[in-house]
Amino acid sequence: MSTPIVAESKGFELPREQLAVIRWNIIFGFAIFAIGVLFGLDQAFNYAKVDLIKDYPGIHSYYQGLTLHGVLNALVLTTAFANGFVALTTARGLGRKLNGALLRIAFWLLLIGSLLAAFAMLTGQASVLYTFYAPLQAHWTFYLGLALVVISTWVTSANQIVTLRNWRREHRGERIPLMAFMSVATYLMWDIASAGIAIEVVFLLLPWSLGLTAGTDPLLTRTLFWFTGHPIVYFWLLPIYISWYGMIPKQAGGALFSDTLTRIAFVMFILLVPVGFHHQFTDPGIPVGLKYASAVLTFGIFFPSLMTAFAVMYALEIAGRRAGAKGLVSWFFRIPWNNPSLSAQVLAMLAFFLGGISGLMNASFSMNLRVHNTAFIPGHFHLTLGTAVALSYMGIAYWLIPYLYGRSLWSPRLGVIQSFVYFGGVLIFSRGMMMGGMEGMPRRTQLALASYNLPAWHIPGIMAAIGGTIMFVSVALFFVNLVMTVAAGEEAAQGDVPFTETVQPPAQTGWEAKLDALRYWVVASVALSLIVYGPFLIAYLPPHLNIRPLQFP
Ligand code: HAS
Ligand code: CU
């Protein structure tokens, strides 16, 4: 057997100034997170009919607070984290530095864009929620700001492509190292996915908010929004998958069993971009057949995550057995739970099981009618986005912040406690929200002031408030650890990015090697998007292009 060409680099160091930009991204993301969670607390209490928002200085409405919570946490934190973290994993995977200018440009775009959007939201001119489509209208600075945030991701993607090209020139015929493959695939998927929001903002919302057009079409803006609004969840999730596949096995003391399976999972995410109609099952004006087709495609996206579940579980099992576990399940308890980075992320995975199952319920066309627009949906996405992703960010931060600052973590013990507290909190929170949702408890409604209420919402509302408070306290503990690490952590030599080796090295020939031909997957994904969205848009657009102001009776 010939020796495999494995191009994984070792002993990698990024130039200081590039590391600094990555640090700014991560710190900026967490600073935004700190503000974002403040606005989560009043949301949780609202379900228990307690009106906290009136005590928030300068905040005038429930919807202003809800928009800040969603946009800061779900859009700005996630982009800042991904731009920084995935830039690092690209560089680490390829073992080479990035393009410094593109790295800086991406950061400035993100910063300026986020500040513009924050200005609009804080001044009460953009209470349109993080799912921003017509007929709600925001100040133009909100749309322009978010457009810049999206452009920052394209610049990051361009940086990856340039760096990959340079790498390929020196490594002809070699497989792309796995960590770089996952990183580049994540952003290529997002490049396609973000087209919907880009078109919505540039051609419809921005001109409308500037008064250049008299009106806009709500269903069209919704459809374009959800074209992006579904796969944006992959943009949140895949950076975490890079950690779960590429780092957690190493951190646990195990190994990843299949390079090929990992690449197939990422390719599936690139392909399955166009399923956004599952957010529009209740929208009139979209053919029922198209909704059914989207439901079926949505079941398709279950597979890459199920593959991930088994692959990561097996990696953890290898770790547990290496540590001496013999029984059927005892390996699970032998992984290094005292490492906060690991405990946070494994708990995030457990939450993701529940989040994933609730996703299947949402995706079922008929079940969706029961849960749509109810508290069930925030119950679902606080397990997925709010825990699988957010708790993993915190877990990653437990090594990343020490790595970026050359200091050791202030209190690993506090980190472990924090991750368990968060996990307990979200289980109570989401259970309450789902229970209430099944009884019709609405989402996005100021229940604290509502004149109606059902007895069946009472316990769920209290659970949401208690669980939300526990999550809030946990995030506060996370920030204590973060600030103390930066301010008072012991200086330590800069470690390395945790980097997993696979049990089977990547195949050099045959169909598996073809997985690296990323441009074909991109073309296939664009083609699938056109097949799903093309006929609808062709039928829908002509009568609706002549846009007039909305008429209210
Ligand atoms: Fe979702 C709505 C369907 C995944 C986020 N979703 C939302 C919204 C958000 C969101 C934010 O079909 C609300 C949008 C809004 O404001 O209106 N979702 C799905 C499906 C999946 C899914 C089928 N969602 C996510 C992820 C998100 C996210 C990921 C964020 C990161 N979702 C929907 C639908 C709606 C929706 C409908 C619209 C509802 C409506 O009516 O409005 C799937 O991709 C889920 C697959 C996941 C799995 C779990 C795999 C488990 C893993 C963990 C492994 C554990 C280990 C530990 C290794 C199959 C990988 C093991 C150890 C042991 C010992 C056990
Ligand atoms: Cu979706």
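1. Helix 14 (residues 340-363) gives the most to a nonpolar surface patch, with 3 residues. Helices here are DSSP runs of H or I, at least four residues long, numbered from the N terminus. The patch is formed by Leu350, Phe353, Leu354 and Leu427, with about 300 Å² of accessible area together. Patch members have over 30% relative accessible area and no salt bridge; nonpolar side chains (Val, Leu, Ile, Met, Phe, Trp, Tyr) are joined within 5 Å, like charges within 9 Å. A salt bridge means a side-chain nitrogen of Lys or Arg within 4 Å of a carboxyl oxygen of Asp or Glu. Areas come from the Shrake-Rupley method with a 1.4 Å probe, and for residues only the protein chains shown count as cover.

2. A word on the model. It is predicted: local features need pLDDT of at least 70, side-chain atom pairs count only at pLDDT 80 or more, and totals for chains, interfaces and linings use all residues. Residues are numbered from 1 along each chain as its sequence is written, chains are lettered from A and ligands numbered from 1 in the order in which they are written, and side-chain values use heavy atoms, leaving out hydrogens and water.

3. Leu354 lies in helix 14. Leu354 is partly exposed, with a relative accessible area of 42%. Buried means under 20%, exposed over 50%, and partly exposed in between (1.4 Å probe, protein chains only).

4. Helix 4 (residues 140-170) supplies the largest share, 3 residues. Arg519 belongs to helix 20 (residues 518-544). Arg519 is exposed, at 61% relative accessible area.

5. Now the copper ion (ligand 2). Three side-chain atoms coordinate it at 2.0 to 2.1 Å: His230 (ND1), His278 (NE2) and His279 (NE2). Along the chain these donors follow the spacing H-x47-H-H. His230 lies in the loop between helix 7 (218-229) and helix 8 (232-246), and His279 in the loop between helix 10 (259-271) and helix 11 (288-300), so the pair ties together parts 49 residues apart in sequence. His230 is buried, at 4%. His279 is partly exposed, at 23%.

6. The iron atom of ligand 1 has His380 (NE2) as its only protein donor, at 2.2 Å. Donors are N, O and S atoms within 2.8 Å of the metal (3.2 Å for Na, K and Ca); water is not among the atoms, so sites may look incomplete. His380 is found in helix 16 (residues 376-405). The iron atom and the copper ion (ligand 2) are 4.6 Å apart.

Technical notes: Helix = DSSP H or I, 4+ residues; strand = E, 2+ residues; numbered from the N terminus.
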